[in-house]
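The tour has two stops, each beginning with a selection.

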Amino acid sequence: MPLAVQQALEAWLKVHPLARGVGLLDEHPLFVRLGRHGHEEPLPLSAVGVHRVVRRDCAAAGVPERLCHPHALRAYWATHCLEAGVPVHTVSARLGHVDLRTTARYAAPRPEQIDDIADVLDRRHQGARRAGGAM
């Protein structure tokens, strides 16, 4: 997780209305809507509320519009975890997937990775040809 994100989450958890100084329980929502009058219990953000926040903040950060939705962040997180070596069953459990094949889609090679691999192979092949050998 990028340091800035980690610091932002730690700062939020220090003032989170449900953490009450002892930390947030697993069953508590991370992102909540605070009551307008201050005495109301915080409620989890609705799906529409999460979508609005993500869309607004991603656009402000210069993220391309096609990636300004919660599922893109979820997919990025899953892919990042799998690439970092987190076991697929752990990522699957965090995502709430019943079938590991659903989570495994995030581990599939992406087109930009295939292009990177092709570039490396091309460079190695050209280097071998210049050296007089074959690959």
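**Stop one: a histidine in a loop**

Select H16, which sits in the loop between helix 1 (3-15) and strand 1 (32-33). Bear in mind that this is a predicted model.

Is H16 buried or exposed? Its relative accessible area is 4%, so H16 counts as buried, the cut-off being under 20%.

Next, show the polar atoms around the H16 side chain. One of the side chain's polar atoms is 3.0 Å from the backbone nitrogen of L18.

Now extend the selection to L24, P29, L30 and V32. H16 touches these residues, leaving aside those up to four places away in sequence.

**Stop two: a helix pair**

Select helix 3 (residues 70-83) together with helix 4 (residues 88-95). The two axes come within 9 Å and cross at roughly 160°. Angles over 145 degrees count as roughly antiparallel, and helix 3 and helix 4 are therefore roughly antiparallel to each other. The crossing of the pair is right-handed.

Show side chains for the residues that make the contact. On helix 3 these are R74, W77, A78, C81 and L82, and on helix 4 they are V88, V91, R94 and L95. Colour them by residue class: the contact of helix 3 with helix 4 has 7 nonpolar residues, 2 charged and no polar.

Methods. Residues numbered from 1 in each chain as written. Predicted model: local features only at pLDDT ≥ 70, side-chain atom pairs only at ≥ 80, totals over all residues. Heavy atoms only, no water. Axes fitted to C-alpha atoms, helices over the stretch in contact; angles between N-to-C directions. Helix = DSSP H or I, 4+ residues; strand = E, 2+ residues; numbered from the N terminus. Parallel < 35°, antiparallel > 145°, perpendicular 65-115°, else oblique. Left-handed = near helix turned anticlockwise from the far one by under 90°. Contact = heavy atoms within 4.5 Å. Nonpolar A, V, L, I, M, F, W, Y, C, P; charged D, E, K, R; others polar. Buried < 20%, exposed > 50% of the residue type's maximum accessible area, 1.4 Å probe, protein only. Polar contact = N/O pair within 3.5 Å; in protein donor to acceptor, adjacent residues only side chain to side chain.
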